[in-house]
2 protein chains.
Amino acid sequence: MLDKDKVLEALARVNDPELHRSLTDLKMVRDVQIRGGKAEVTIALTVPNCPLKDQIESDVRVAIAALPGVEQVFVHLTAMTDEERKALFGEPKEGAAAQYNHVNRVVAVMSGKGGVGKSLVTGLLATALAREGYRVGVLDADITGPSIPMLFGLQGPVEPGPVGIRPLQSQTGIKVISMNFLLASEDQPVIWRGPLIGKAITQLWGDVMWGDLDYLLVDLPPGTSDASLTTMQSLPVNGIVMVTTPQSLAAMVVRKAVHMAQAVKIPILGVVENMAYFVCPDTGKQHFIFGPSHAGEVALTAGAPLLAQLPIAPQVAACCDAGEIESVTLAEIPALLKAFIQAMPVTERRPT
Amino acid sequence: MLDKDKVLEALARVNDPELHRSLTDLKMVRDVQIRGGKAEVTIALTVPNCPLKDQIESDVRVAIAALPGVEQVFVHLTAMTDEERKALFGEPKEGAAAQYNHVNRVVAVMSGKGGVGKSLVTGLLATALAREGYRVGVLDADITGPSIPMLFGLQGPVEPGPVGIRPLQSQTGIKVISMNFLLASEDQPVIWRGPLIGKAITQLWGDVMWGDLDYLLVDLPPGTSDASLTTMQSLPVNGIVMVTTPQSLAAMVVRKAVHMAQAVKIPILGVVENMAYFVCPDTGKQHFIFGPSHAGEVALTAGAPLLAQLPIAPQVAACCDAGEIESVTLAEIPALLKAFIQAMPVTERRPT
């Protein structure tokens with residue numbers, strides 16, 4: 001016969017989808033009433049307006065309905081108080097989210113030089129990976145000049161979760177975090193000296209509820225100072241994608257970034273050349289606006305393959321300005337994705 | 001009759017062209033021999049291979065030759081020893097050059113975003129000012145990603161002068177300093193945290209023998225962190241030129257830079273939009289590759305005039321890659337220069 005213990009046993013097998021611990025373990029089960037074949041339970045969400053509440057409710061319903069003798073299931077949702085949350089997870093502290101996150105691979109997108117298209121390449125790679133079914137996150141490490149929010153059409157504020165900040169989700173489900181989501185206005189400058197920049201990056205890593213990700217792409221700012229240094233030293237970066245353009249000027253600065261990556265012993269997975277050429281829409285002719293390619297030399301210096309050469313495409317710029325990078329189609333993307341995945345070092349896949 | 005005292009009096013009126021102190025005051029006069037109408041002097045340069053030695057020799061010759069009774073002048077050049085130099089200028093110390101420099105106007109070129117063409121605008125403005133006869137210096141404040149050396153075709157090392165580092169001189173006489181001139185190789189990365197970046201910038205200002213300049217242009221790196229902050233707080237910046245491109249993305253980040261400038265109360269002189277359009281060489285048609293202009297909005301936010309809209313010109317990119325920015329001609333430059341000079345706040349001109 002149906003009884004309270006059987007229901008609690010069933011709920012002990014239901015996990016919070018973010019925290020990967022059972023609802024009973026998380027003290028989320030507040031009340032169980034059995035009357036004949038009717039089971040009525042109250043579940044306390046870790047935070048009010050939890051974005052996963054529908055999934056939790058449905059998981060609870062399915063688990064109870066599967067028990068013999070159940071005819072009706074009623075699920076009521078409530079939320080923990082601040083005190084209850086603190087009792088369970090402790091006082092909010094730095095890096096608290098990290099222990100609940102499972103990020104299989106971290107890839108930094110770098111160039112040394114600004115404006116070569118790091119954010120574009122990050123966004124295109126993230127989109128291509130997500131389309132293939134990978135779970136993808138993007139950490140915008142450009143604290144003072146973030147481009148990622150606009151490319152994905154995302155604006156803050158972000159919501160707090162039980163153990164950290166929740167990233168925003170893009171149209172195709174990519175989890176995105178950027179300093180811009182934490183500012184009152186996107187025009188607000190972050191006038192910080194380097195150590196604070198470094199600290200912000202470790203927080204966007206350890207205080208964000210990334211959950212389970214196959215890939216976390218980190219969009220680095222220009223330069224080889226605090227943001228790049230902290231990312232490479234404090235995050236478990238598996239490899240670097242180096243972005244360049246045909247200008248010799250860019251190639252020189254990118255070689256500096258290559259030497260930095262080599263100095264901190266992080267493998268360079270490959271080189272992407274952006275703005276390689278412009279196809280005139282009237283004549284179909286390729287114009288090498290920024291001069292002949294230097295990507296081969298950069299790849300040689302990096303000891304890594306040339307993953308792709310992307311054109312200057314007005315429709316891509318238009319999509320990016322409209323926050324629709326996930327709608328970009330470029331003939332070069334499938335080959336870029338394939339080369340990128342091939343270049344990834346083999347890592348042990350963590351159980352999720 | 002010609003005697004030693006008369007020669008010494010004449011030499012007391014000859015100034016070292018960099019240090020603006022007389023040769024006698026600087027203890028550079030080592031020996032004076034008079035035989036009838038023949039005067040023979042020995043001058044100790046402050047450093048061996050002083051780049052101004054020809055001018056010093058000629059100034060000495062002219063001053064002595066003007067004395068009554070002089071028939072022949074012989075000038076011998078030697079150089080001070082390290083000990084003599086130390087006795088005169090003291091131990092090398094930070095900021096020692098600054099007291100000998102006379103820089104009338106300091107203008108920072110900024111954008112917040114990378115790759116929009118700050119260095120290009122800096123180089124074009126410097127060149128245009130130099131062509132008009134102004135004495136111009138360029139301080140490359142992009143410590144980790146310097147572009148200025150390549151644009152001007154300059155490579156280090158720099159030579160020490162008596163009270164600091166001598167900037168390199170471009171083909172048209174622009175004085176240029178960049179972190180790259182201090183590195184063993186231009187591919188070497190500067191992997192420094194922010195405070196060192198800030199310190200480097202104050203040194204490129206105070207430890208460099210800028211001499212007399214009408215304009216010092218400071219090419220800032222992307223972002224609103226250490227380099228920009230130190231430049232604005234530690235250098236006597238008269239105004240800022242803000243560079244943007246048509247992409248909304250750039251406009252957003254540039255607005256951050258505008259708000260930073262406003263926060264530290266430095267006037268924005270004007271806005272330059274770069275990469276505004278591309279003229280197809282086959283058809284002559286303008287293509288707005290990076291979308292419609294947002295420069296008007298940026299100028300509005302900045303409360304400053306739009307100084308110029310520059311095209312994407314392959315011949316400009318080629319000149320820049322060849323180190324020949326001083327050969328660039330663009331129809332927009334005369335108007336840019338005029339607008340720039342008009343936008344400069346009136347400052348008291350220091351005596352030089």
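The model is predicted, with local features needing pLDDT of at least 70 and side-chain atom pairs counting only at pLDDT 80 or more, while totals for chains, interfaces and linings use all residues. Residues are numbered from 1 along each chain as its sequence is written, chains are lettered from A in the order in which they are written, and side-chain values use heavy atoms, with hydrogens and water left out.

On the side of chain B that touches chain A, the elements giving two or more residues are helix 5, helix 6, helix 7, helix 8 and helix 10 of chain B, and helix 8 of chain B gives the most, with 9 residues. Helices (H or I, at least four residues) and strands (E, at least two) are DSSP runs, numbered from the N terminus.

| Element of chain B | Residues |
|---|---|
| helix 5 | 148–151 |
| helix 6 | 194–206 |
| helix 7 | 226–234 |
| helix 8 | 248–263 |
| helix 10 | 314–321 |

The contact (heavy atoms within 4.5 Å) takes 56 residues from chain B and 56 residues from chain A. Between the two chains there are 8 salt bridges, each a side-chain nitrogen of Lys or Arg within 4 Å of a carboxyl oxygen of Asp or Glu. The side chains of D226(A) and R193(B) meet in a salt bridge, with 3.3 Å from N to O.

Within chain B, strand 2 (residues 38–45) and strand 3 (residues 72–79) run parallel and are joined by 8 bridges, where pairing requires that DSSP finds at least two bridges between the strands. In this pair, A44(B) stands opposite T78(B) of strand 3.

Turning to the backbone, most residues other than glycine have a negative phi, and most peptide bonds are trans. In chain B, a cis peptide bond joins G156(B) and P157(B), with omega of about 5 degrees, and P157(B) is found in the loop between helix 5 and strand 6 of chain B.
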